[in-house]
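Dear colleague,

I am passing on the structure that we spoke about, and I would be grateful if you could look through it alongside the notes below.

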Amino acid sequence: MSEDHEAGETAGAILAEPVNYDADVAAYELATKPRYQNLGFAERYLAGYAGRLKLSTFASYVIARREQNCIAKALETCSPLPSQILDIPCGTGKLADVLIRHNCQVMAADISMEMMALAKTAYEGRPGFQGFVRCDVTQLPMANESFDTVICLRLIHLIPPHLRRKIINELARVTSRRLIVSYGLASRFQRIRLKLRNSITGRVSAPHPVDFSVAREDFSQAGLKLVRSFSILPLLSCEQVFVLEKA
Ligand SMILES: C[S@@+](CC[C@H](N)C(=O)[O-])C[C@H]1O[C@@H](n2cnc3c(N)ncnc32)[C@H](O)[C@@H]1O
């Protein structure tokens, strides 16, 4: 067989089924990540938890309040109290009030300019706010141990497995003391609930929930010790917030 012929056949095969094709990666890179980089979507996201209360947005509202309360509780019980916080991804600024109340310096970061544009109302002009940074959490532009506390809310459940550890390691790299991170935890009950929910709504709310043992492995390989955890809405949500400290 000539080399040309072989190359032609390989090229055909690539078109039909790319060698490195991975449905999870494609779904994140081509759908999830760009979805937030759209002003209309960002406005709906903000209205979901901070807009006029409607039946259709009630769950987002309740979950957001619980998230804010859990993060507030997590911060209050930290010793020493946080003084330099990174809020990543900051989204539309859900945590601004909670973080600013703690009398510390806060930097907010996200890959989406559209989400951050809406976070300005919550963050800008507030005491201690240090500004926004557009960046990709897989490759942060910050030096090692730039913050004593890094908070990463509602991201990891969107992340395909091949990137999850990279992100946890990156978050661990830029914090000197602690990481507060939420995961989607996949108990048997939650897997069934998510499947049912997805088939009713047609939307995948937590594409990448993981078993607790997987989350624990992520933490220990990044040199993080689990000190506390909060369930956002037991039974009704798979979201769990973990408070981790550098070992
Ligand atoms: C569900 S929102 C959560 C935002 C905020 N933490 C909250 O709880 O409202 C997910 C956010 O992750 C951001 N995001 C997704 N992939 C990212 C990446 N690779 N680097 C930085 N931000 C990312 C999106 O732009 C979006 O703002």
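The notes below take the ligand site and then the salt bridges.

This is a predicted model, in which local features need pLDDT of at least 70 and side-chain atom pairs count only at pLDDT 80 or more, whereas totals for chains, interfaces and linings use all residues. Residues are numbered from 1 along each chain as its sequence is written, and side-chain values use heavy atoms, with hydrogens and water left out.

The ligand has 19 residues around it, of which Y28, Y45, P89, D110 and L153 come nearest; a residue is counted here if one of its heavy atoms lies within 4 Å of the molecule. By class, this shell holds twelve nonpolar, two polar and five charged residues, where Ala, Val, Leu, Ile, Met, Phe, Trp, Tyr, Cys and Pro count as nonpolar, Asp, Glu, Lys and Arg as charged, and the others, Gly among them, as polar.

Among the pairs of N or O atoms within 3.5 Å, a polar side-chain atom of Y28 lies 2.7 Å from a nitrogen atom of the ligand, and a side-chain N or O atom of D110 is 2.6 Å from a ligand oxygen atom. V137 contributes through its backbone, with an N or O atom 2.9 Å from a nitrogen atom of the ligand. Of the 590 Å² of accessible area that the ligand has on its own, the protein covers 99% (Shrake-Rupley method, 1.4 Å probe).

Turning to charged pairs, the count comes to twelve salt bridges, each being a side-chain nitrogen of Lys or Arg within 4 Å of a carboxyl oxygen of Asp or Glu. One of them joins the side chains of R154 and E239 at 2.9 Å, N to O. R154 lies in the loop between β4 (147-152) and α7 (161-174) and E239 in strand β7 (residues 239-246), so this pair ties together parts that are 85 residues apart in sequence; helices (H or I, at least four residues) and strands (E, at least two) are DSSP runs, numbered from the N terminus. E239 is buried at 6% relative accessibility, while R154 is partly exposed at 28% (buried means under 20% relative accessible area, exposed over 50%, and partly exposed in between, with a 1.4 Å probe and protein chains only).

A further salt bridge joins R191 and D211 at 3.3 Å, N to O. R191 lies in helix α8 (residues 188-201) and D211 in the loop between α8 and α9, so the two tie together parts 20 residues apart in sequence. Finally, salt bridges that share partners join E67, K94, R154 and E239 into one network.

Notes: Polar contact = N/O pair within 3.5 Å; in protein donor to acceptor, adjacent residues only side chain to side chain.
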